[in-house]
Amino acid sequence: MKFRVLFLFVLALSVMSCKTKKDDKTDAKSGETRKWDGTLIYPKETHFKSIKQITFGGDNAEAYWSFDDKQIIFQSNNKKWGVECDQMFIMNADETFKDKKPPMVSTGLGRTTCSYFLPNGNIIYSSTHEGGHKCPDAPLRKNGKYIWPIYNTYDIYVANPQGEVIQKLTNEKGYDAEPTVSPKGDKIVFTSTRSGDIELYTMNIDGTDVKQITNQLGYDGGAFFSPDGTKIIFRSSRPKTDAEIKEYKDLLKEGLVQPTEMELYICNADGSDLKQLTHLGNANWSPFFHPSGKKILFSSNFENDGGWPFDLYMIDIDGKNLEKITHGGSFNAFPVFSNDGKKLIFSSNRNNGGGHDTNLFIAEWQD
């Protein structure tokens, strides 16, 4: 989700929720996760052969593997690391960061989101630093409803592994963010408001040959390519009634989006053959292709009337065979497979001592 503001929304949702199931291990009033005294793998999580926690403190999310699976880039707002809002950090895949700080590879200015590796080892990410050095405000509620800000100062940048910005890929007016790179290493898919709506676009990894691939009213974002680069999976919040359309357009004029109802869509890499994949209700988001290319992992709260918890699910690309992957009444999101398909990195509230921290975990995957 990609899209860090979504993650903040999820945390806010957990705090505000007033309903929970009796067997949930959550405190819906405070949003805290009750302390779990078992292993890091909850009962029924049969796809996890083993699991390792690699960050300890703050909010850590949207972690992505380098093309050789040796490094991980992610975003964090860990105050102990000297940041006020989300910045990008890089680490070796076999490291853990409990008592030390990983190298920061963003500028440390503004707010950043959605980093990703390029085939040559450079990185891309979205940042507001040219629009101001301070962290922009992150409003999460308007008229009692949950919202995200769509910062018009977000642009997409290329940096080297040492964190030096070497290229600006987008120069259009408005929001340009949420970039991810095809496993083939030739294309980037990203979200932009350059058309006046929030749509998906693709471009070459050098920023050329920009093409719009969605064109229906509503927010389209958080897109990822299939392992062979031929398909794209993404989340969408598309208003249907006159009242929903008016509300969406009014919020968009203020640079805001309301994301409480989202479904997953799948299409070819050029935008053709668009299909709605899920019809579950509530928020379905942070999708990622299974290594086979025939299934999708994603996060959802569709089983929970109070909006909490969020779990990982898996579904076939034809919308069949829905399977719940994580359990335990916690927050689980941002699942990303390693390029060799053997490991899954994701964010979770598990093992946070009953607090609010969200950390990164790497699981050995078994089908």
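**Rings, charges and a pocket**

Modeller: In this predicted model, one aromatic cluster is formed by F48, F337, F346, F361 and W365. Across the structure there are 22 aromatic pairs.

Colleague: Why is the pair F190 and Y201 called stacked?

Modeller: Two values decide that. The ring centres are 5.7 Å apart, and rings pair if their centres lie within 6.5 Å. The planes meet at 25°, and under 30 degrees counts as stacked, so F190 and Y201 are a stacked pair.

Colleague: Where in the chain do F190 and Y201 sit, and are they buried or exposed?

Modeller: F190 is in strand β13 (residues 187-192) and Y201 in strand β14 (residues 199-204), eleven residues apart. Both F190 and Y201 are buried.

Colleague: What makes you say that the charged end of K100 sits over the ring of F97?

Modeller: Partly distance: the charged end of K100 is 5.2 Å from the ring centre of F97, and the cut-off is within 6 Å. The definition also asks for a position within 35 degrees of the ring normal. R238 lies over the face of Y265 too, at 4.5 Å from the ring centre.

Colleague: Which residues lie nearest the centre of the largest pocket?

Modeller: S237, R238, P239, E244 and E261, out of 19 lining residues. β17 (231-237), α2 (242-253) and β19 (263-268) each give two or more residues to that lining, and α2 gives the most, with four. The volume of the largest pocket is about 400 Å³.

Technical notes:
Residues numbered from 1 in each chain as written. Predicted model: local features only at pLDDT ≥ 70, side-chain atom pairs only at ≥ 80, totals over all residues. Heavy atoms only, no water. 1 Å grid on protein atoms, 1.4 Å probe; cavity = no way out; pocket = protein on both sides within 12 Å on 5 of 7 lines; lining within 4 Å. Points joined across faces, edges and corners; volume = space filled by probe spheres on them. Phe/Tyr/Trp six-rings, centres within 6.5 Å; stacked < 30°, edge-to-face > 60°. Buried < 20%, exposed > 50% of the residue type's maximum accessible area, 1.4 Å probe, protein only.
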